[in-house]
Amino acid sequence: MEEQNFSKKFGERLQEERLSLGLTQTQFGELTGFSSEYIHDIETNKKIPTLAELKQMCDTLHLDIKYLISGKHAHYELIGNSKKYEELKQLLSQCDETQYELCIKKIRAFLFQCLYDVEDKDNQE
């Protein structure tokens with residue numbers, strides 16, 4: 001029962017992260033090296049990825065492995081002493097947990113689009 005509950009929550013969180021990046025299951029699969037069918041099976045709780053597969057997904061798309069597994073976000077420390085990093089840290093420190101999580105998802109989606117040149121689905125006709 002506990003494994004089934006983990007699988008359900010994990011699948012929901014993976015889908016949530018994929019959608020926050022604006023990716024289809026096919027796009028997600030292509031970027032991570034898995035078939036869209038396998039991604040679908042994970043999201044619908046039919047399969048649980050191995051630790052190596054999970055690491056590959058998280059490393060490739062910069063996903064928060066702690067969140068996928070536990071539902072709790074890791075709060076990453078910004079590295080550097082530049083004024084821009086300090087400004088970002090200051091802004092994020094003023095957010096409550098919900099606002100913080102939304103900011104991180106928006107920043108991750110924005111950076112993902114820049115890094116992988118993924119078109120914004122809102123601008124597609």
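**Notebook: loops, helices and contacts**

I started with N45, which sits in the loop between helix 3 and helix 4. Helices here are DSSP runs of H or I with at least four residues, strands are runs of E with at least two, and both are numbered from the N terminus.

Before going on, I noted the ground rules: this is a predicted model, where local features need pLDDT of at least 70 and side-chain atom pairs count only at pLDDT 80 or more, while totals for chains, interfaces and linings use all residues. Residues are numbered from 1 along each chain as its sequence is written, and side-chain values use heavy atoms, with hydrogens and water left out.

**Entry 1**

What is the phi of N45? I found a positive value of about 70 degrees, although N45 is not a glycine. N45 is partly exposed, with a relative accessible area of 30%. My cut-offs are: buried is under 20% relative accessible area, exposed is over 50%, and partly exposed is in between (1.4 Å probe, protein chains only).

Then I looked at H62, in the loop between helix 4 and helix 5 (65–70). H62 is another non-glycine residue with a positive phi, near 55 degrees. Its relative accessible area is 49%, so H62 goes down as partly exposed.

**Entry 2: the whole chain**

I counted seven helices and zero strands in the protein chain. Along the sequence, the pattern reads α-α-α-α-α-α-α. The chain has 125 residues, and 30% of them count as buried.

I also looked up the surface: the protein chain exposes about 8700 Å², and carbon and sulfur atoms supply 53% of that. Accessible areas come from the Shrake-Rupley method with a 1.4 Å probe; for residues, only the protein chains shown count as cover.

Next came contacts, meaning heavy atoms within 4.5 Å. Taking contacts between residues at least 6 apart in sequence, 54% join residues at least 24 apart.

**Entry 3: helix 2 against helix 3**

At what angle do helix 2 and helix 3 pack? I got about 110 degrees between helix 2 (residues 25–32) and helix 3 (residues 36–43), with their axes 8 Å apart. The axes are lines fitted to C-alpha atoms, for helices over the stretch in contact, and the angles run from 0 to 180 degrees between N-to-C directions. That makes helix 2 roughly perpendicular to helix 3. The labels go like this: under 35 degrees is roughly parallel, over 145 roughly antiparallel, 65 to 115 roughly perpendicular, and the rest oblique.

Helix 2 brings Q25, T26, F28, G29 and T32 to this contact, while helix 3 brings S36, I39, H40 and E43. By class, I have two nonpolar, six polar and one charged residues there. For the classes, Ala, Val, Leu, Ile, Met, Phe, Trp, Tyr, Cys and Pro count as nonpolar, Asp, Glu, Lys and Arg as charged, and the others, Gly among them, as polar.

I zoomed in on S36, which lies in helix 3. S36 is partly exposed, at 22% relative accessibility. Not counting residues up to four places away in sequence, S36 touches Q25 and T26. S36 and Q25 are 11 residues apart along the chain, and their C-alpha atoms are separated by 5.1 Å. I also listed the buried residues of helix 3: Y38, I39, D41, I42 and E43.

**Entry 4: helix 2 against helix 4**

Helix 2 packs with helix 4 (residues 51–61) too, at about 95 degrees and with axes 9 Å apart. That makes helix 2 roughly perpendicular to helix 4. F28, L31 and T32 of helix 2 meet Q56, M57, T60 and L61 of helix 4. This contact has four nonpolar, three polar and no charged residues.

**Entry 5: L61 and R108**

Is L61 buried or exposed? L61 is buried, with a relative accessible area of 1%. Leaving aside neighbours within four places in sequence, L61 is in contact with L21, L23, F28, L31, T32, R108 and F112.

I followed that list to R108, in helix 7 (residues 97–116). R108 is buried as well, at 11% relative accessible area. R108 and L61 are 47 residues apart in sequence, yet 9.1 Å apart in space, C-alpha to C-alpha. With the neighbours within four places left out, the contacts of R108 are E17, L21, L61, H62, L63 and D64.
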